[in-house]
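User: Hi! Could you walk me through this structure, starting with its overall build and moving on to its sheet?

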Amino acid sequence: MELYNGRPENTEGRLPREIRTYDFLDELGIEYQRTDHEPADNMEACNVIDAVLGVVICKNLFLCNRQKTNFYLLMMPGDKKFKTKELSSQINSARLSFASADDMLKYLDIEPGAVSIMGLMNDKEHEVRLLVDEDVLKEEYLGCHPCVCTSSLKMKTKDVIDIFLPAVGHEYETVHLVGED
């Protein structure tokens with residue numbers, strides 16, 4: 001795996017949702033580094049990607065309430081455990097669960113394995129509420145997918161919060177997750 005500055009020179013064989021992500025970041029003037037890889041389906045693969053990027057990629061979870069009327073994108077450090085009860089009480093929502101792949105595609109134009117804050121650019125109706133663990137906000141850089149699971153990006157957290165989110169019309173809510181048993 002190599003680390004590249006910016007978008008791929010050759011976009012042949014890449015999905016339109018990935019190219020739209022690069023187009024949008026470039027339009028906003030957000031600098032990013034990128035690495036291409038096989039889909040990471042275990043922690044060892046994720047650790048290799050993290051090492052290439054020099055950053056821990058955020059764990060991104062797409063959640064919903066039982067009635068499927070409220071949807072949430074949770075960004076948290078990859079090494080924290082997710083406890084639904086811990087989050088539910090902070091956002092006043094009972095019974096959180098993982099949203100379906102169909103809803104993920106409908107609201108974020110993302111498929112399982114590629115969930116990312118970048119998907120909010122596809123949420124034109126602002127149906128998804130962004131929740132960010134406070135530890136993510138403390139880091140200078142964050143890692144995420146460009147709406148596909150075969151590439152990963154590194155960009156300044158400040159750029160994502162101060163430039164990307166306002167451009168897509170989303171705000172975020174800070175949450176405190178301990179993640180311990």
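Analyst: Happy to; here are a few questions and answers on the fold. This is a predicted model, where local features need pLDDT of at least 70, side-chain atom pairs count only at pLDDT 80 or more, and totals for chains, interfaces and linings use all residues. Residues are numbered from 1 along each chain as its sequence is written, and side-chain values use heavy atoms, leaving out hydrogens and water.

User: What radius of gyration does the protein chain have?

Analyst: The radius is taken over C-alpha atoms, and the globule rule is 2.2 Å times the number of residues to the power 0.38. With 181 residues, a compact globule would come near 16 Å, so the chain agrees with that at 15 Å.

User: Which residue stands opposite Phe98 in β5?

Analyst: Strand β3 covers residues 59–64 and pairs with β5 in the antiparallel sense over two bridges. The residue standing opposite Phe98 is Leu63.

User: What percentage of the residues count as buried?

Analyst: Buried means under 20% relative accessible area, with a 1.4 Å probe and protein chains only. Of the 181 residues in the protein chain, the buried share is 48%.

Definitions and conventions
Two strands pair if DSSP finds at least two bridges between them. Helices (H or I, at least four residues) and strands (E, at least two) are DSSP runs, numbered from the N terminus. Buried means under 20% relative accessible area, exposed over 50%, partly exposed in between (1.4 Å probe, protein chains only).
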